[in-house]
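Q: I would like to learn how to read a few features of a structure. Please take them in turn, with the general idea before the case.

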Amino acid sequence: MGDSLRYRSAVAFVCAVLLAMMLAPISAAGAAETTGARWVQGATMSRPRWGHTATLLANGQVLVVGGDQVDNPPGDGAAELYDPVAHRWSLTGRLATPRDNQATVLLADGRVLVIGGDTRRGVTGPTGEAVATAEVYTPSTGRWTPAGTMHTPRNHPAAVQLLDGRVLVVGGDDNGTALASAELWSPVTNTFALTAPMDRPRSTPQAMLAAGSPFSPGPFTGQVIVTGGGTSTSQIYWPTTGGWGYNCNAPRSPHDNGVEITGDQFDLLIGGGGLTPWAPTNNQSDATERGAGDLTYCPQGFGWIADAYMFIG
């Protein structure tokens, strides 16, 4: 009886040692990640900003635009550049029309397009007025130039550059009235042209280009999916036809949602105000568990999966 107890104790001890040896690298890696990731105090911008945008330029600097219209009096529209090497901010060109809540797009040629928003400059009263104009920033000169005027002023629009170089602008609101209309900006003519409207108004929507998958690209190459904006639906814009399709119902209504197109699949993860990115490792059948409130858009099935598992075949 004593020998049997000693044998069982020895086996348990050996198992515990082996388990500790297996878990040690995992614990060390986790500790390294925890201790290596930290926040440090950054440089201070020239002014407080709210409703601004930040764009990473090709030279590694970050362009911050807008967000100075909440001041009283409102700001002058000056943009700023963050230098990650020198760890400091410097003022750059000033917008012709100061604005907040604009859409900002990094163009393929390295310039930055700013569209719409709202301004208090020259506006009486406590609230701003929706802006219809667009401006382009050229990093090499630090200057802004006019880039046309939309058919409709848009506050909180969404915008994305298409594969052919044009920029699709959708939704937003015109002084409180949500918009269903959409427009296309041409970098060749610097003008906006109306395209087919969405099936319903969307204020503060999100838009993302579908780049396709190297494993199974299917029909999703260059289309744009627009989500949320005060509605539970999403729509896909087809640049080749200028029309909309595949109106999918999301289980809940994302507002100020997040969008992610992974590198090798067109998967969309949304939770009204939150985003959980996920990148599959291969093109085999895979599953991943989602937390409460997460939504996944699967183009293979043309639908949404909520609070469950996502399978990619």
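Q: What share of the residues of the chain counts as buried?
A: A residue counts as buried when its relative accessible area is under 20%. In this predicted model, 45% of the 313 residues of the chain are buried. The chain exposes about 15800 Å², and carbon and sulfur atoms supply 58% of that area.

Q: How do strands E1 and E2 run, parallel or antiparallel?
A: In a regular strand the side chains alternate between the two faces of the sheet. Here E1 (residues 53-56) and E2 (residues 62-65) run antiparallel, joined by four bridges. Leu56 has Val62 in E2 as its bridge partner. The two strands form a hairpin with five residues between them, and Gly60 in the turn has a positive phi of about 90 degrees.

Q: How many bridges join E2 to E3?
A: Three bridges join E2 to E3 (residues 78-83), and these strands run antiparallel. Leu63 stands opposite Leu81 in E3.

Q: How many aromatic pairs does the structure hold?
A: A pair of aromatic rings is described by the distance of the centres and the angle of the planes. The structure holds three such pairs. One of them, Tyr137 and Trp144, is tilted, at 5.0 Å centre to centre with 50 degrees between the planes.

Q: Is Tyr137 buried or exposed?
A: Tyr137 has a relative accessible area of 1%, so it is buried. Trp144 is buried as well, with a relative accessible area of 11%.

Note on methods: Residues numbered from 1 in each chain as written. Predicted model: local features only at pLDDT ≥ 70, side-chain atom pairs only at ≥ 80, totals over all residues. Heavy atoms only, no water. Buried < 20%, exposed > 50% of the residue type's maximum accessible area, 1.4 Å probe, protein only. Areas by Shrake-Rupley, 256 points an atom, 1.4 Å probe, with all protein chains shown as cover. Pairing = 2+ DSSP bridges. Phe/Tyr/Trp six-rings, centres within 6.5 Å; stacked < 30°, edge-to-face > 60°.
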